[in-house]
Amino acid sequence: MTSQARGGGPAAVGAPAARTAEAEADGTAERSEEVHRLSRRLGRADLKAVPEVRRALRELLRPWGRPEESDVAELLTSELVTNALVHTDDDAILTATVSPHGLRVEVRDFVARGPRPRVPVAGDDTGGRGLVLVESLADAWGVCPHGVGKSVWFELGDAEAA
């Protein structure tokens with residue numbers, strides 16, 4: 001799997017942390033000494049989920065102790081969640097994992113069509129900026145195809161990714 005690292009070229013990225021089906025299904029956050037995880041199933045076109053996800057992510061990141069990166073994480077997460085809910089006609093699954101190495105957020109949808117960063121149109125105050133923000137603010141980001149659908153992900157806080 002490859003990603004876009006800030007500043008250009010591809011960077012190799014390891015597999016995401018293992019998740020349990022129960023945590024994905026019921027939306028619980030798993031806690032351990034090293035890894036903190038949040039998983040939420042997002043209903044089709046449920047844009048009310050965006051502020052709820054931001055609040056849950058803020059809680060997850062509170063012990064992380066990086067407020068400036070937490071703000072960026074909330075912004076980028078809401079962009080990925082909004083994209084999944086607006087540009088697909090299906091549910092999505094959010095998974096956020098905080099480890100000693102940093103934060104990884106994935107939003108999985110069930111549509112094969114890949115995202116396309118686009119240049120915002122002048123005068124359009126609401127569209128076209130999501131992936132541009134992800135591309136410019138994340139330490140690494142990418143798209144991982146699945147048998148059905150894909151995950152769009154980003155990482156923050158890992159010195160190796162920057």
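How exposed is E59, in terms of relative accessible area? E59 is partly exposed, with a relative accessible area of 43%, where buried means under 20%, exposed over 50% and partly exposed in between, for a 1.4 Å probe and protein chains only. This is a predicted model, in which local features need pLDDT of at least 70 and side-chain atom pairs count only at pLDDT 80 or more, while totals for chains, interfaces and linings use all residues. Residues are numbered from 1 along each chain as its sequence is written, and side-chain values use heavy atoms, with hydrogens and water left out.

The side chain of E59 meets that of R62 in a salt bridge of 2.1 Å, N to O, a term for a side-chain nitrogen of Lys or Arg within 4 Å of a carboxyl oxygen of Asp or Glu. R62 counts as exposed because its relative accessible area is 55%. By this rule there are 8 salt bridges.

Another of them joins the side chains of R104 and E155 at 2.8 Å, N to O. This pair links distant parts of the chain, 51 residues apart, with R104 in strand β6 (residues 102-109) and E155 in strand β8; strands (E, at least two residues) are DSSP runs numbered from the N terminus. Both R104 and E155 are buried.

Strand β8 (residues 150-156) also holds K150, which counts as buried because its relative accessibility is 5%. The side chain of K150 makes a polar contact of 2.8 Å with that of D109, a polar contact being a pair of N or O atoms within 3.5 Å, of which, within protein, one must be able to donate a hydrogen and the other to accept it, and residues adjacent in sequence count only if both atoms are side-chain atoms.

Key:
Helix = DSSP H or I, 4+ residues; strand = E, 2+ residues; numbered from the N terminus.
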